[in-house]
Amino acid sequence: MLTSKMVKEAAFAAGADICGIGTMDRLEGVPEVFDPRKMFPNAKSMICLGFRIPRGVQRGIEEGTQFFQYPSMAYGGTNQMFGPAVLYELGRMIEDAGYEADIYRNTGARSVNSDMDGKPGQTYSPEEKAFSMENSGNGITGDRRTMPHTKPAREGNIPPDLFIHFRLCAVACGVGEIGWSKMLLTPEFGPMQRVMFMFTDAELEPDPMYDGEPLCKMCMKCARECPGGCIPTDRSKAITVNVGGKECTWGDLDVWRCNTYYTAAGKYYNPFVPAHVFDDNADFLDDKIEMTAENEVAAARALEAYTPCWVGYAMAKCGGCIRACVSMLEKNGCLKDRFVNPLRTGKAWKLDR
Ligand code: SF4
Ligand code: SF4
C-alpha cells in the first residue's frame with residue numbers, strides 16, 4: 001500500500017526540499033478556474049513539492065551588481081529543470097504503485113485562467129499578440145497574451161487551460177501560509193521557494209494545515225521596498241480567503257503593476273535604463289499612475305531595448321519584496337536557523353537620480 005511516508009521519502013530522495021500532502025476537499029470554495037479537481041475529478045490527494053531558492057542567487061541584486069542569476073537559476077532553473085525532474089521521478093514511483101500521478105509544474109501562468117484576473121477567453125489585438133510572441137516569458141505573473149481564444153471542450157467544463165492557484169494549493173498541503181505580500185511563506189525558507197504539485201487518486205494521510213507561529217508579522221517591509229508600490233500598506237486593502245479551515249489574508253497586490261515593475265523596477269531601482277526613459281514615458285511608467293494591461297504593454301515596449309529576455313526569462317530587477325521579507329524574518333528569528341550571516345548587513349540600495 002502506498003503511504004505518505006513512502007511518498008515523502010521518495011520526494012526528498014529525488015531532491016525536493018519540502019513535501020506536504022493535503023486532501024482535495026481542502027480546496028472547497030476555490031474558484032473553479034483554479035481548481036485541480038476540474039482537471040482530475042477522481043483525485044483524492046495533492047502533493048506539494050517545494051524547492052528552495054538559494055539565498056545566494058539574490059546576492060548580486062542585493063549588492064546591485066548582478067541581476068541574471070536569480071531569474072536563471074532560481075525561477076528559470078527550478079521551473080524548467082530541477083523541479084520537473086523531481087516531479088517526474090516521484091510520478092513514476094506513484095504510478096508503479098498503481099495510482100495515477102497528475103504532475104503539475106509551473107508553466108509561467110500562460111493561461112487565460114491565471115490568477116492575474118481569472119477571466120477566461122480574453123482576446124488581444126494582432127499587435128499585442130505579435131508582441132507577446134517576441135517577448136514571451138514573464139516570470140511572476142505570466143504572459144496573458146499567449147492565448148487569445150479558448151472554449152470549454154465539453155458542456156459544463158471550464159475553458160482550458162486550467163491554471164491552479166499555486167499558493168492556495170501549497171497552503172492546502174500544510175507547508176505554510178500566505179504573507180501580506182501574497183507570497184507563500186514557509187518556516188524553512190520564508191518566501192524563498194518555488195512549488196510544484198502532483199494530484200493522485202491514491203488516498204494518502206494528509207499533513208495538518210500549518211498552524212505554527214504566524215510567519216508574516218505584517219511589518220509592511222515588502223510594501224515599502226516594492227519599487228512600483230504594488231503592495232498596499234493600508235490594512236483595509238486585504239483579501240481574505242478560507243482554505244481547509246485556515247484563514248489566509250494578503251494585501252490586494254496590483255498584479256499588473258507587479259508584472260511591469262518586477263522587471264522595469266522604476267527610475268530608482270533599474271540601473272540598466274537611463275533615467276530619461278522613465279521621465280519621457282511617465283504616462284505609463286510612473287508608480288503613481290494606474291497600471292492597466294494597456295499601460296503594461298506600453299511600458300514593456302518602452303523598455304524592451306534595455307531589458308533583453310535572456311535565459312528564457314525576463315530579468316528581474318527588484319525582488320524587493322522577497323529580500324525585504326527574508327531580511328525581516330531572519331532578524332526576527334522566524335526562519336529555521338540556516339545561515340551564519342544575515343542576507344542584509346546595511347541599507348538597501350537606491351539609485352541616486
Ligand atoms: S515583509 Fe513583513 S508584511 Fe511583508 S510578507 Fe514579509 S513578514 Fe509579511
Ligand atoms: S517588489 Fe517586485 S516582485 Fe515584489 S510586488 Fe513589487 S514589483 Fe512585484
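**Reading the sheet, cores and cysteines**

Strands β2 (residues 45–52) and β6 (residues 193–200) pair in the antiparallel sense over 8 bridges. This is a predicted model: local features need pLDDT of at least 70, side-chain atom pairs count only at pLDDT 80 or more, and totals for chains, interfaces and linings use all residues. Residues are numbered from 1 along each chain as its sequence is written, and side-chain values use heavy atoms, with hydrogens and water left out.

User: How do I read strand pairing, and which residue in β6 is the bridge partner of Gly 50?

Analyst: Strands of a sheet pair through backbone hydrogen bonds, either parallel or antiparallel. Two strands pair if DSSP finds at least two bridges between them. Helices (H or I, at least four residues) and strands (E, at least two) are DSSP runs, numbered from the N terminus. Here, Gly 50 has Val 195 of β6 as its bridge partner.

User: What is the strand order of the open sheet? Which strands stand at the edges?

Analyst: The order is β1-β2-β6-β3, with antiparallel pairing. The edges are β1 (18–23) and β3 (101–104). Each has a single partner strand, so one side of each lacks a neighbour in the sheet. From one strand to the next, the twist averages 20 degrees.

User: Which strands does helix α3 touch?

Analyst: Contact means heavy atoms within 4.5 Å. Axes are lines fitted to C-alpha atoms, for helices over the stretch in contact; angles run from 0 to 180 degrees between N-to-C directions. Helix α1 (residues 4–14) lies across β1 and β2, at about 150 degrees to β1. Helix α3 (residues 69–96) packs on the sheet and touches β2, β3 and β6. Its direction makes about 25 degrees with that of β6.

User: How many residues has the largest nonpolar core?

Analyst: A nonpolar core is a set of buried Ala, Val, Leu, Ile, Met, Phe, Trp, Tyr and Cys residues joined through side-chain atoms within 4.5 Å. Buried means under 20% relative accessible area, exposed over 50%, partly exposed in between (1.4 Å probe, protein chains only). The largest core has 75 residues. Those with the most contacts inside it include Met 46, Tyr 70 and Phe 197.

User: How many disulfides does a search of the whole structure find?

Analyst: A disulfide is a pair of cysteine sulfur atoms within 2.5 Å. The search finds 0. For Cys 48, the nearest cysteine sulfur is that of Cys 173, 5.1 Å away. Cys 48 is buried, at a relative accessible area of 0%.

Technical notes:
Chains lettered and ligands numbered in written order.
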